[in-house]
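I opened a new page for this chain and went through it entry by entry. The notes below keep to what I looked up.

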Amino acid sequence: MKVAILDTGVDGTHPDLAGRIAETKNFSDSDDAVDHVGHGTHVASTIAGSGAASGGKYKGVAPEADLMIGKVLGDTGSGSDSSVLAGMEWAAHSGAKVISMSLGTQQASDGTDPMSMAVDELTAETGSLFVIAAGNTGPKATTIGSPGAADSALTVAAVDKQDQLASFSSRGPRLNDNALKPDIAAPGVDIVAARAVGTAMGTPLDKNYTSASGTSMATPHVAGAAAIVAEAHPDWTAADIKGALMSGAKVLDGGGFAEGSGRTYVPAALKQTVWATNASFGTVAPKGTSAPVTRSVTFHNTSDKEVTLALSGALTLDGGAVADGALTLGADTLILPPGGAKDLQVTVAPDLATAYGTYTGTITATGDGVTTHATVALNREQPTAKLTFKGVMPDGTPAQSASAISLYSLTDSSKPPTQLRMGPDGIATAQIKPGRYTIVGHLRAGSDTVSFGLPEFTVGDQDISLKADGRDAQPLKVKTPKRSELRSLVIAVSRHAAGQPIGVSSTYVLGLAGGHHWALPAPAAKDGAFGFTANWGLQAPAVTAKAQLPSGTYDLDAESFPYSGRFDGTRRLTVVDAGHGTEADLTEHPVKGKLALIRVGSEDLFATVLPRVLAAGPAAVMVVNDRNERYVGATFSPIPVFGVYKKAGDKVAAAAIKRPVAVDLTGETSPSYSYELVDGQSDGISTDQTFDPPQPELADIRLKTYASSTDPALAQASGGWLGLSVANNRGAGAVLPTTMGTSQHVYVNAKGTKWQRVVSPTYTSATSTSGLNTYAPGSTVDQDWFAPVQHATSPAVSAPATGLTPSRDSEGMMVQIPVWATASGGTWESFSMSAGDTDAFRAYRDGQLLGSATYPYAQITGLPDAKSEYRFEVDGERTAPWSTVSTEAHTAWTFSSAAPTGTGPETLPMLLADYQLDGVALDSSVKAGKPHGLKVTFRNADGSASPVTRATVQASYDGGKTWHKLSADVSAHAASVTVKAPLGADSISLRVQGENAAGSTVNQTVVNAVKVS
């Protein structure tokens, strides 16, 4: 039986497709018909794959089918209408009885578009059955695209292995005419099928297979089923095959507009000699009366015998109760002549189906050894009510259009949040259906923000008005043991009802550019969770300013402007009062080389005033607010710019009238300490919004971030802390500038929190991360970033279920090995991300290559249960100028592994190496000619105590050309050596070998592991 596949081509070299491909033709704009995406190969093997590469485990539905491959989608996975139409013409006129099309538009269609009409015309002309994906634009209704909207298409929805409708599966009714689509459902979630060589579509299991989800995966199941039915009944028409599959499908509870006639069931379809058409009764208004509607359902008898059928049926609210009396049949029995057909009149009374939602009617026909069914459907629209929402700021003015406000249903998790848009009067409106709702968000006006949440309100069929009144809000405040400046504030308000898996969360990043921040108190939710989370990022002051006044030293309580110039040490500058910084002010009061005092006025400070003042050449700028509160904003400036309260500025200005006033500025280019704090509230929004964690609840993280480039520009990076509150399982963070080659104390509130840091060096896409760590209150811990010796290793955690450590379960091995971890293994870059960097991974079993990948992230399946010897190899090479140490590394691990005896995953017994090199400066160098202790700690990834039985350490001082064995003191879990680089050496390279009592080994070479100065 010929089955045509119109898709992204095919990998004809795949073992599962050997001998199955009869013809290929390229209609795309690509150079060949080879599948460079992976989609078409996955589809092809689902239809007709032999399962050869899996011992038959992943065999296709119709493994004897002959495949005709039409490449209509290019190597980006998309294609033109003309390419698809040309492929359809070719397939239909080349003898394909079944044509599988796992493609379509995201825009809904009414079946009158060119591709849908071509399906109908080609089916009528050639008798080919087009099996077409419904689409992945669910869960909204009326989302069936083209060409799946065609009348004659067999349109396929997706269900999971439990026959539950996939949330992404597109729904009916069809656009405009409310026709019943899709037609049928099939498995389309986590489908394992052939993986095209060199592709990564879906979730690869190994080099031969990958898992993917979509109606694209459901469609080939039905296409394969259609091929089986067509082979068994060569005289059947496309309509007969389609009808038999639909009438023999297993009826599910998702409803006709979601799953059509039900889930494909091949055994019933093969013996289905009677099939019936389906019918839609369209959409009726939510209110008012509607006359009964009658439609014809036609039963077809493909056998050569007369069949007498007893009929029954009922109309049921999808997911609800039967609508008694809403569906009536024009007859109780139906007699079908041999090879003939008869209509059955079906009447639906909408006034007896009063609940809002979709209804499905299953008409069952039995008799003379036949059981079949027809499906009808009705949609009763829900009424809508007008929601009017008003936002008021703390000063009584309307919230502005920059507000972020999310409206979310607490009763329908399938619907994404609706974003309410504020008008100039601070009012937003929306038409919504009855149900329970919540609103969360952030009112905005200028740089002021009010975070709020209305945990629950119920909407019926009457209009409703709601308000978030910022005049009742409380200011957000934070206190730290040492003086600090706010550099980021991330606020999130979240809500979900009981039973909702995710819910809604509205997050806003604030603080960097100043402004005021409030939270509107709200009670706890009646069910589920309703919470508020604030993540604070604060740093040691970039500058402190102390005026030398006649009365003594006066601290101005200065707050620096982000991105303005920084310096180390103390400078004494003379104040010049430059008024509002106008041209006249600067002419009358020259500020060159001085501390320019300017006041906030009517002109735009950042766009106009500061550029003018900076052009006048001051040594620093003091911005005096027009009120007694903080004034700060981001400004790019080569000199320090800082803000002070009005009272402080006035005091300095008054003193400067009488005599020159000196101000001592003390600065630091990199903050010596910072605070990362998270306040999670799980029972509403508190009336007390002052966060003041006591000193004993803080943990001190002694942070070192190493640099290796001598270019100061390449030492710049972005770093951010994610703080998670255990109280509400929520958290966030903000990315701020950081400098490599520095140290810092980071204080985090440790009670009931978890913390993770991410760092990305500037001018590269490389990103390093830590684990999500907990810290003991009052503790002091060390955390190093980019510390030599950077090397490939598994993180220093044992977490086989998370994928952080290489593990094995009943399906196979999951391998995830960061290529570049810091010396201790506590922070890591998962794989080389900078342009020009390369990685490689290879896996062997008993000396035979299992497969390779461009980075060590892979799933290895098809392994024998018996114990075997395995070898993993990881290579990494870095060329990016930001990192001049650990430029090349090669690691091999060997270990024994058998299938786990338990139900869960087990960590692989790999032997890992971590490094502790003494005397490494923050520029990643050690001194030449001086001895430096090196301790190599051998760590068993699975946590076992198996001791080291053999260990050697070698060093190279010429970039790995020659090697010197070092005298090692080997203990149960470490090898300690002394390394001394000769004068004139540029770097030290290291080679470590180790073996434990269990037979696991590690062989690791790191070239240019550390610089020599």
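**Entry 1: Ala349**

I began with Ala349, which counts as buried because its relative accessibility is 15%, and the cut-off for buried is under 20%. The model is a predicted one. I located Ala349 in the loop between strand 17 (341–348) and strand 18 (357–367). Leaving out residues up to four places away in sequence, I found that Ala349 touches Pro292 and Ala326.

**Entry 2: the whole chain**

I then stepped back to the chain totals. I read off ten helices and 69 strands. The chain has 1013 residues, of which 54% count as buried. Along the principal axes, the C-alpha atoms fill a box of roughly 115 × 75 × 50 Å. For contacts with a separation of 6 or more, I noted that 73% come from residues 24 or more positions apart.

**Entry 3: helix 1**

How many residues of helix 1 are buried? I found that ten of the ten residues in helix 1 (residues 39–48) are buried, and the helix is mostly covered. Among them are His39, His42, Val43 and Ile47. I looked up what these buried residues pack against: strand 1 (2–7), strand 3 (66–71), strand 4 (98–101), strand 8 (191–194), strand 10 (209–212) and helix 4 (215–232).

I checked the length of helix 2 next. At 1.5 Å a residue, its twelve residues should span 16 Å, and the end C-alpha atoms are 16 Å apart, so the two values agree. I listed the buried residues of helix 2 as Ser83, Val84, Gly87, Met88, Trp90, Ala91 and Ala92. What covers these residues includes strand 1, strand 2 (21–26), strand 3, strand 4, helix 3 and strand 5 (129–133).

Two packed helices are described by the angle between their axes and the distance between the axes. I noted that the axes of helix 2 (residues 81–92) and helix 3 (residues 114–126) come within 10 Å and cross at roughly 10°. Helix 2 and helix 3 are therefore roughly parallel to each other, since angles under 35 degrees count as such. On the helix 2 side, I recorded Asp81, Val84, Leu85, Met88, Glu89 and Ala92; they meet Pro114, Met115, Ala118, Val119, Leu122 and Thr126 in helix 3. By type, the residues of this contact divide into nine nonpolar, one polar and two charged.

**Entry 4: nonpolar cores**

Which residues have the most contacts inside the largest nonpolar core? I found Met813, Phe872, Trp893, Met910, Tyr915, Phe938 and Ile988, in a core of 74 residues. I noted a second, separate core of 39 residues, which includes Leu17, Ala166, Ala186 and Ala227. I followed up Ile988: leaving out residues up to four places away in sequence, Ile988 touches Val926, Ala955, Ser956, Tyr957, Val979, Ala981, Asn1008, Ala1009, Val1010 and Val1012.

**Entry 5: Gln954**

I found Gln954 in strand 64 (residues 948–956). Is Gln954 buried or exposed? I read a relative accessible area of 18%, so Gln954 is buried. Setting aside neighbours within four places in sequence, I listed contacts of Gln954 with Trp963, His964, Lys965, Leu966, Ser989, Leu990, Arg991 and Gln993.

**Entry 6: backbone checks**

I went through the peptide bonds and phi angles last. A cis peptide bond joins Gly172 and Pro173, with omega about 0°. I placed Pro173 in the loop between strand 6 (154–159) and strand 7 (184–187). Asn178 also lies in the loop between strand 6 and strand 7, and I noted its phi near 60°, a positive value in a residue other than glycine.

I recorded a cis peptide bond between Pro788 and Val789, with omega about 15°. Val789 lies in the loop between strand 50 (780–785) and strand 51 (807–809).

Ser886 is not a glycine, yet I read a positive phi of about 50° for it. I placed Ser886 in the loop between strand 58 (868–877) and strand 59 (888–897). With a relative accessible area of 0%, Ser886 is buried.

Notes: Residues are numbered from 1 along each chain as its sequence is written. This is a predicted model: local features need pLDDT of at least 70, side-chain atom pairs count only at pLDDT 80 or more; totals for chains, interfaces and linings use all residues. Side-chain values use heavy atoms; hydrogens and water are left out. Helices (H or I, at least four residues) and strands (E, at least two) are DSSP runs, numbered from the N terminus. Buried means under 20% relative accessible area, exposed over 50%, partly exposed in between (1.4 Å probe, protein chains only). Contact means heavy atoms within 4.5 Å. Axes are lines fitted to C-alpha atoms, for helices over the stretch in contact, and angles run from 0 to 180 degrees between N-to-C directions. Angles under 35 degrees count as roughly parallel, over 145 as roughly antiparallel, 65 to 115 as roughly perpendicular and the rest as oblique. Ala, Val, Leu, Ile, Met, Phe, Trp, Tyr, Cys and Pro count as nonpolar, Asp, Glu, Lys and Arg as charged, and the others, Gly among them, as polar. The expected span of a helix is 1.5 Å times one less than its number of residues. A nonpolar core is a set of buried Ala, Val, Leu, Ile, Met, Phe, Trp, Tyr and Cys residues joined through side-chain atoms within 4.5 Å.
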